[in-house]
Amino acid sequence: MNRTIPLILAVALFMENMDSTVIATSLPAIAIDIHTSPIALKLALTAYLVSLAIFIPISGWMADRFGAKNVFRAAIAVFIVGSVACAVSNSLPAFVVSRFLQGIGGAMMTPVGRLVLVRATPKSELVAAMSWLTVPALVGPLVGPPIGGFITTYFTWHWIFLINVPIGLLGIWLATRFLPETEATETPPLDFIGFVLSGLAASGVVFGLSVVSLPALPPLAGLITVAVGVVSGALYLLHARRAQNPLLALELFRNQVFRSSVLGGSLFRIGIGAVPFLLPLMFQIGFGLTPFQSGMITFVSAIGAIGMKFVTALIFRVAGFRRVLIVGSLVAAASMGVYGLFTPDTPYVLMLAMLLVGGFIRSMFFTGVNALSYAEVSAEDTSKATPITAVFQQLSIALGVAVAGGVLEVSTSIHGGSLTLADFHIAFFIVAAISAAASLSFMRLAPDAGNAVSGHGRLTTPKVLEPARSPGE
């Protein structure tokens, strides 16, 4: 197998994942410098995720229309420009817009990168190629928190974005030099109406929830924005029934397995979106730790995620999707609830152990949900399923950030003071309960659901050992 291609494509995943973990660690320092609050800065996190949710659906169309290699290089360039814009931002609106620009690049980088890999790799070697693509990309979350904390503590937060410039330029050069040329193909016209309606729905709901919890804006503005999002979503449903080539093929939800994997995974990812936002803030504001100290604690979760990748296939083969996803969602949600019991007196060894276990379980859960999404989807419908799963993943993570920030704001308004450790504990308990509700979706699955993918009940080794790592994992 040609390992050069997946390793080059991993540059995009490395940047995207490291960037998301770095900014979470540095939020308090950025907030002080641009004269806002850490809670208000959740708009910057949400803006990036909503940008992904808006533009991911057209990534496949763009790759076919203009060539996957060209779109991949352009996406990295857009991400670099957005990173520089973040570094020079001196206000909350400027920072939010810059993160949204970054999201446009991120929305094209990862899906198009995987498309290049699939087209350049024989089917018999695709699983191995995906492993080379995924494992290096997990280095981003591993090194992001300690590097971000170190830079923020001993230098300045601006450099956490500027380091994307040399990495991105290297990725563009390697892509130009080594990636195979891809020609543009005939594509149906873009569902522009669907693109506008789905974008309004995603941005309206997520930004509306964020605006409701912002003390600087009236709650009515947030409620109106949410209403616009909900109405746009309803209009898209009507449009998709009449459109010949809708942007999101919602008829796939008629399949029970696909529906359970997408909806159950989305519920669980609300908690996943909240944890990277809550943990660094709790360690820095509630515990009084420096960004570097906070990052050295939170990065342990990434180690757990990497370690679990090598045994997940065996677990699903032995126990099956239904059983593992039910138990996994409950155990992983419980691990989030345990974070709400952390205090400055909790031994660091115990906290590290719980974060490590949480990383293990969440990685296993995500691998299973990603594989189950395609278990009963035909080959010709795979391209339709990919944007739906990607949009729901990113939208649910964005909702997690909005929900976490909203809980903190409501809690502080009730007791009328600044953020306390108890506020973070309440937030962890609430998001853990939301994630635990995902188990209800998987209880509806048949015992043999996804056996063709997992190999459960068979003596032969499953053909698909592990799916590609989707955005938001």
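Q: Which residues of helix α15 (residues 312-319) are buried, and what puts them on the same side of α15?
A: In this helix (a DSSP run of H or I with at least four residues, strands being E runs of at least two, numbered from the N terminus), T312, F316 and A319 are buried. Buried stands for under 20% relative accessible area, exposed for over 50% and partly exposed for values in between, with a 1.4 Å probe and protein chains only. Around the axis, these residues cover an arc of only 85°, which places them on the same side of α15; the arc is taken from the directions from the helix axis to the C-beta atoms. The opposite face, turned away from the buried side, carries the exposed residues L314 and V318. G320 follows α15 and has a positive phi, near 85°.

Q: What kind of model is this, and which pLDDT is needed for local features?
A: The model is predicted: local features need pLDDT of at least 70 and side-chain atom pairs count only at pLDDT 80 or more, while totals for chains, interfaces and linings use all residues. Residues are numbered from 1 along each chain as its sequence is written, and side-chain values use heavy atoms, with hydrogens and water left out.

Q: How many helices and strands does the protein have?
A: Its secondary structure comes to 21 helices and zero strands. Of its 473 residues, 56% are buried.

Q: Why are the buried residues of α13 said to line one face of the helix?
A: In α13 (residues 291-298), the buried residues are P291, S294, G295, I297 and T298. Seen down the axis of α13, they fall within an arc of 160°, and therefore they line one face.

Q: Why does M336 count as buried?
A: The relative accessibility of M336 is 0%, so the residue counts as buried. M336 lies in helix α16 (residues 321-339). Not counting residues up to four places away in sequence, M336 touches several residues, among them F268, R362, F428 and S435; contact means heavy atoms within 4.5 Å. M336 and S435 are 99 residues apart along the chain, and their C-alpha atoms are separated by 8.9 Å.

Q: How do you know whether D191 has a salt bridge or has none?
A: A salt bridge requires a side-chain nitrogen of Lys or Arg within 4 Å of a carboxyl oxygen of Asp or Glu. For D191, the nearest side chain of opposite charge is R242, 9.7 Å away, and this buried residue has no salt bridge. Lys and Arg count as positive, Asp and Glu as negative, while His and the chain ends are not counted. D191 is placed in the loop between α9 (164-178) and α10 (192-212).

Q: What makes the pair of F95 and W157 edge-to-face?
A: Rings of Phe, Tyr and Trp (its six-membered ring) pair if their centres lie within 6.5 Å; planes under 30 degrees apart are stacked, over 60 edge-to-face and the rest tilted. The structure holds 16 aromatic pairs. In one of them, the rings of W61 and F66 have centres 6.4 Å apart and planes at 80°, so that pair is edge-to-face. For F95 and W157, the centres are 6.0 Å apart and the planes stand at 85°, so this pair is edge-to-face. F95 lies in helix α5 (residues 92-120) and W157 in the loop between α7 (139-154) and α8 (159-162), 62 residues apart.
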